[in-house]
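I opened my notebook to look up a few things in one model. I wanted the whole chain before any single residue.

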Amino acid sequence: MSLGKLIGLLAFAISLYILWQIRQVLLLVFAAVVFAVVLNRVVRRLRRSGAKRGIAIALTVVTLLVILVGLFALIGPSFIEQSQQLVSLAPTFLEQLRNRLNSLQTQIPEQLLNVRNLGNFIPRLQPLVTQLLGNVYTWFSDLLGILLNLLLVIVLTLMLLANPAPYRRGLVLLFPAFYRRRVYEILSECEANLVGWMSATLIDMAAIAFVSFVGLSILGVPLPLANALLAGLLEFVPNIGPVLSVFPPIAVALLVAPWKALAVLILYILIQQFEAYLLVPFVMKQQVSLLPAVTLLSVVIFGTFFGFLGVFLSVPLVIVSKIWLKEVLIKDILNTWHKDKKDNSLKNSPTLNSRMRSS
């Protein structure tokens, strides 16, 4: 290997190492790009109606903020009140659970079900709760880090949204001159697919919120609207969000009757089956051609490498990666290479050469 190739290989390895070290920052930048691309589509539609870009951006951002603040205003106070009730009723609930386990111990033979140790498990919950409450500093630090990352994403999104053209030109300039027109086409396709994915996700979130509201209202669970909105919002996080959305309504249902908690669990299982087999395949097929197995694998893979941010951005990462692989690797390299190879094989074919000479 020559010295130039060795230096190039070393520089490539160092670049990969640096990119891996700043992977969290890169994911935050990618999140800002995704949000800016989606919001920019809304800004374009407002500009077509005659609004200037600055006014269109202001209207889009203000509308989004009003919607988010309204949702949190509906969800937050209700859950704070119910959480306080849960905390106040927790000792009574634990005492009832302990009494039921003791009564169960007297009714069932010990040879069939040894619940003596289960009764001793209840007093151990109190030190565990105390230990969890003692980690307030750790929780506060994690919350502060999340807020700072969220602030960075918001600022980057606004900067990209204000004037996206220079950033797009800068990205295109990283490619050779003969390929820049093609890069513009690929970026446009990425933009269309990301907007389609966001549209499908919003439809999914609205449908899940509506179905959850109807089901919780029929069961008579308190705060059906707040729990339904929370279920809809958590649908934005694939696979993990729907699981997390089950716990708040179950906790609220325990305040009314234990059987309602089981009914809520069954309801959410049915809702997730409806989403997985009917809603998501239909909506995603209309907006983005993405297979469900690919979505699940992307959540696992990106979550393993990048943590929660990888889970949160797994679907848009897969969409962008899929487009670049299809357009660059398959269409521009593999398909062209296969055609050239076939043409060369035909040109060098003795049979074809003899036929051409005879004609």
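Below are my entries, from the chain as a whole down to two residues.

**Entry 1, the chain.** I noted that this is a predicted model. I counted secondary structure and found 16 helices and 0 strands in the protein chain. I then looked up burial: 30% of the 359 residues count as buried. The accessible surface came to about 23300 Å², and carbon and sulfur atoms hold 72% of that surface. Among contacts with a separation of 6 or more, 69% join residues 24 or more positions apart.

I found S314 in helix α15, which covers residues 314-347. Is S314 buried or exposed? The relative accessible area of S314 is 0%, and buried means under 20%, so S314 is buried. I checked the side chain next: a polar atom of S314 lies 3.0 Å from the backbone oxygen of V311. Setting aside neighbours within four places in sequence, I listed P238, S298, V299 and F302 as the contacts of S314.

I placed L309 in helix α14, residues 308-312. Its relative accessibility is 18%. The cut-off for buried is under 20%, therefore L309 counts as buried. Which residues does L309 touch, not counting those up to four places away in sequence? I wrote down Q24, L27 and L28. For the pair L309 and Q24, I looked up two separations: 285 residues in sequence, and 7.7 Å in space from C-alpha to C-alpha.

Technical notes:
Residues numbered from 1 in each chain as written. Predicted model: local features only at pLDDT ≥ 70, side-chain atom pairs only at ≥ 80, totals over all residues. Heavy atoms only, no water. Helix = DSSP H or I, 4+ residues; strand = E, 2+ residues; numbered from the N terminus. Buried < 20%, exposed > 50% of the residue type's maximum accessible area, 1.4 Å probe, protein only. Contact = heavy atoms within 4.5 Å. Areas by Shrake-Rupley, 256 points an atom, 1.4 Å probe, with all protein chains shown as cover. Polar contact = N/O pair within 3.5 Å; in protein donor to acceptor, adjacent residues only side chain to side chain.
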